[in-house]
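Hi,

Here is the structure I promised to pass on.

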Amino acid sequence: GESVGLHLPTLSVQEGDNSIINCAYSNSASDYFIWYKQESGKGPQFIIDIRSNMDKRQGQRVTVLLNKTVKHLSLQIAATQPGDSAVYFCAEIPSTRQLTFGSGTQLTVLP
Amino acid sequence: DTGVSQDPRHKITKRGQNVTFRCDPISEHNRLYWYRQTLGQGPEFLTYFQNEAQLEKSRLLSDRFSAERPKGSFSTLEIQRTEQGDSAMYLCASSPLGGPLGYTFGSGTRLTVV
């Protein structure tokens, strides 16, 4: 069936290092892929999105890479800060359906 | 308007009771969504409105669940005869008409059924 999943449930990085969070998806018909950050007790917060016809998109300290050949999405966070500690979800939007989330990766930034 | 507001933030109820949650979307957003999130999982789509019309319902939305958006502004989600399995975070999101992006989520209502 259609699903969006993550390779690792937890990731710990040292402050100042770069973080890479990975995601596998199975619906090749999705038009958009989005990364969300969710802090404890809060709703998901938009980070960055990428359209299916793109391979890479950069934002402020974040980069999303899309590899359609292997159906893989990644989020790179440069110079990770304590405030980046949160659960990160990838999500997809198929052309005719609603936002579909994966199960999340807990990112912990170590001092 | 500073974002999507949900009320209450927390609700504890006894099994079998009815509960109702409210969502106030961003005022200029035509679309409103309800999601459910259990611990350690990503949000799961429940239903969505475009203005006052409920256009899609997930099969997760059993007969005990009903959502309304009577005037195309705020929405309510009611759960009748609550069960322990209904314990979850209920998230509301809104987005503008015209594109698949621009979802803004509220902070959710955490329901605990005891």
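By a pocket I mean an open set of grid points where a 1.4 Å probe fits, with protein on both sides within 12 Å along at least five of seven lines. This is a predicted model, by the way. In it, the second largest pocket holds about 330 Å³ of space. Its lining counts 20 residues, and A:Q38, A:V87, B:Q37, B:L39 and B:G40 are the ones nearest the centre. By class, the lining splits into eleven polar, six nonpolar and three charged residues.

The largest pocket comes to about 540 Å³. Around it sit 21 lining residues, with A:R97, A:T100, B:E44, B:F45 and B:L60 nearest its centre. Here the lining has eight polar, seven charged and six nonpolar residues.

Now for the interface. Chain B brings 18 residues to the contact and chain A brings 16 residues. Together they bury about 1400 Å², with 59% of that coming from carbon and sulfur atoms. B:L101, B:Y103 and B:F105 stand out: they supply 35% of the area that chain B buries against chain A, more than any other three residues. There are zero salt bridges between the two chains, but six residue pairs are in polar contact across the interface. On the side of chain B that touches chain A, β4 (31-37) and β5 (44-50) each supply at least two residues, and β4(B) gives the most, with three residues.

Cheers

Conventions. Residues are numbered from 1 along each chain as its sequence is written. Chains are lettered from A and ligands numbered from 1 in the order in which they are written. This is a predicted model: local features need pLDDT of at least 70, side-chain atom pairs count only at pLDDT 80 or more; totals for chains, interfaces and linings use all residues. Side-chain values use heavy atoms; hydrogens and water are left out. Contact means heavy atoms within 4.5 Å. Buried area is the accessible area (1.4 Å probe) that two parts lose on being put together, summed over both. A salt bridge is a side-chain nitrogen of Lys or Arg within 4 Å of a carboxyl oxygen of Asp or Glu. A polar contact is a pair of N or O atoms within 3.5 Å; within protein, one must be able to donate a hydrogen and the other to accept it, and residues adjacent in sequence count only if both atoms are side-chain atoms. Helices (H or I, at least four residues) and strands (E, at least two) are DSSP runs, numbered from the N terminus. On a 1 Å grid over the protein atoms alone, a cavity is a set of points where a 1.4 Å probe fits but cannot get out, and a pocket is an open set with protein on both sides within 12 Å along at least five of seven lines; lining residues have an atom within 4 Å of a point. Grid points are joined across faces, edges and corners, and a volume is the space filled by probe spheres set on the points. Ala, Val, Leu, Ile, Met, Phe, Trp, Tyr, Cys and Pro count as nonpolar, Asp, Glu, Lys and Arg as charged, and the others, Gly among them, as polar.
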